[in-house]
Amino acid sequence: MRNNYDVIVIGAGAAGMMAAITAANRKYSVLVIEQKKQEGSKILVTGKGRCNITNDSDVLDILNNVMTNPTFLYSALYAFPPSRIIEYFNSIGVKTVTERGRRVFPESSNAIDVRNALVYQMQKAKVDVLKLNKVTEVVKGNDEIYYVTVKDANGVTDSFGCVNLVFATGGMTYQSTGSDGSGYVLAKNLGHSVTELKGALTGLLTKERWVNETMGLTLKNVSLTVLKDDKAIYKEQGELLFTHFGISGPIVLTASRYLLDTDYKNAKAVIDLKPALDEQTLYKRITLDMEKNASKKYANSLDALLPKSLIPVIVKLSGISPDKMSNQISKDEKKSLVRLLKNLTLTIRSGMEMDDAIVTKGGIPVNEINPSTMESRISQHLFFAGEIIDCDALTGGYNLTIAFSTGFLAGDSVYL
Ligand SMILES: Cc1cc2nc3c(=O)[nH]c(=O)nc-3n(C[C@H](O)[C@H](O)[C@H](O)COP(=O)(O)OP(=O)(O)OC[C@H]3O[C@@H](n4cnc5c(N)ncnc54)[C@H](O)[C@@H]3O)c2cc1C
């Protein structure tokens, strides 16, 4: 390892590795500095360990799923669109499959394969990688060289110089993967600002305590409507999970993004447990179930209709005596049970802590970065890539797409 490089990349995540490979393939000498023991720790936790690499859509569809500053990403996404991301991974030995919602995963369903393929490409392109070293200071000398100070786990420091510096330090969530926000501080010291940081795409905390009784229950196909001040701001059908504190799962993560910039006052989640049945059909279905179970108590007649752990909750919320015989349930009681199953309502208290969020909203303001190159508008030869930039997207492979595309563009734009 030498002490001077054409390019230093801080952070061996998706964006940093892509930037490093791209720059090294252009024959620049590249050093990647990573504070964790291994590269791509966050990649390993993506897509529940399966890594939703990208979304096989065109650029405009991707932009529709970017919640903050989509137009900034136009050039990066055209430079390295999902079609090229897929082609690239296929060409480096990661076969992909496209699933529901055009989500692209490695065929092996193993995020490690994505990480390892990128690590191997860095080796092949002769990228030097310094692991277990944290960048603690960056200054730009009068000679226009960036001087990067690192500290290892034993507190031993070292220093490296480079012409081009790429910040790919990620956001602030899942800090155990290394994205601890130190990149924002380093960037500030070089004259940049940082917009307000919030954890986006989280579970939702509810006032109702009964969720605890159903903790761990996943409902595969329910419909969720989020109301803010009685107005529907989000509606989606899909998978929802009850947690210790509230609700989570894919549709909830997305729903949370629509509440992130609100005060959560008068926010409600309305779950339709039986979206495939309209009220009339559900009423008939319940009537049939009650007839079939005529000799049983009401509380013991819902097995065919609901998952086991939800039954005591629904029985309690319905207000119908659990001991009532099924054939004695009145028409009005059945009607109110139908309403409950179609409108199971929870009061939202808030989203979750930053560290539990999938992605960070906020970061380096996009007006401080040239969108055609990812170069800083404040300091020449300084580049940004990935989640550190003030852009965030919904779930579906869009955030990794941002990381790969901006990483590629930064690596393709460094110059001497
Ligand atoms: C649980 C979870 C699941 C997700 N699933 C998906 C998914 O399936 N699809 C999708 O598109 N997105 C997903 N995301 C979001 C996606 O993982 C991130 O947006 C993306 O990985 C960001 O990449 P990055 O390279 O910008 O940052 P990171 O991957 O966070 O990499 C930053 C790197 O920089 C290093 N670093 C930081 N500061 C320093 C420093 N001072 N010195 C040295 N090194 C430093 C860190 O250790 C880290 O390795 C998921 C996120 C989470 C938390």
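This is a predicted model: local features need pLDDT of at least 70, side-chain atom pairs count only at pLDDT 80 or more; totals for chains, interfaces and linings use all residues.
Student: Got it. Which residues of H5 are buried, then?
Tutor: Helix H5 covers residues 82-91, and its buried residues are Pro-82, Ile-85, Ile-86, Tyr-88 and Phe-89.

Student: And how do those buried residues sit when you look down the axis of H5?
Tutor: They fall within an arc of 160°, so they line one face of the helix. In general, an α-helix has 3.6 residues a turn, so residues three or four places apart point the same way.

Student: What about the face of H5 turned away from the buried side?
Tutor: That face carries Glu-87 and Ser-91, which are exposed. After H5 comes Gly-93, with a positive phi near 95°.

Student: Let's switch to H1. How many of its twelve residues are buried?
Tutor: Eleven of the twelve are, so H1 is largely enclosed by the rest of the structure. Among them are Gly-16, Met-17, Met-18, Ile-21 and Thr-22.

Student: What span should H1 have, and what does the model give?
Tutor: H1 runs over residues 14-25, and at 1.5 Å a residue it should span 16 Å. The C-alpha atoms at its ends are 17 Å apart, which agrees. Lys-27 follows H1 and has a positive phi, near 75°.

Student: New topic: the barrel. In what order do the six strands close?
Tutor: The order is S11-S14-S13-S12-S15-S16, with antiparallel pairing. From one strand to the next, the twist averages 45°.

Student: How many bridges join S11 to S16?
Tutor: Two bridges join S11 (residues 204-206) to S16 (residues 344-350). Thr-206 has Ile-348 in S16 as its bridge partner.

Student: Which strands does H11 touch?
Tutor: H11, residues 331-342, packs on the sheet and touches S15 and S16. Its direction makes about 115° with that of S15.

Student: One last thing: where is Thr-214?
Tutor: Thr-214 is in the loop between S11 and S12.

Student: Is Thr-214 buried or exposed?
Tutor: Thr-214 has a relative accessible area of 0%, so it is buried.

Student: Which backbone oxygen does its side chain reach, and what is Thr-214 in contact with beyond four places in sequence?
Tutor: The side chain of Thr-214 reaches the backbone oxygen of Val-211 at 2.8 Å. Leaving aside neighbours within four places in sequence, Thr-214 is in contact with Phe-242, Ser-309, Leu-310 and Val-313.

Note on methods: Residues are numbered from 1 along each chain as its sequence is written. Side-chain values use heavy atoms; hydrogens and water are left out. Helices (H or I, at least four residues) and strands (E, at least two) are DSSP runs, numbered from the N terminus. The expected span of a helix is 1.5 Å times one less than its number of residues. Buried means under 20% relative accessible area, exposed over 50%, partly exposed in between (1.4 Å probe, protein chains only). The arc is that of the directions from the helix axis to the C-beta atoms. Two strands pair if DSSP finds at least two bridges between them. Axes are lines fitted to C-alpha atoms, for helices over the stretch in contact, and angles run from 0 to 180 degrees between N-to-C directions. Contact means heavy atoms within 4.5 Å. A polar contact is a pair of N or O atoms within 3.5 Å; within protein, one must be able to donate a hydrogen and the other to accept it, and residues adjacent in sequence count only if both atoms are side-chain atoms.
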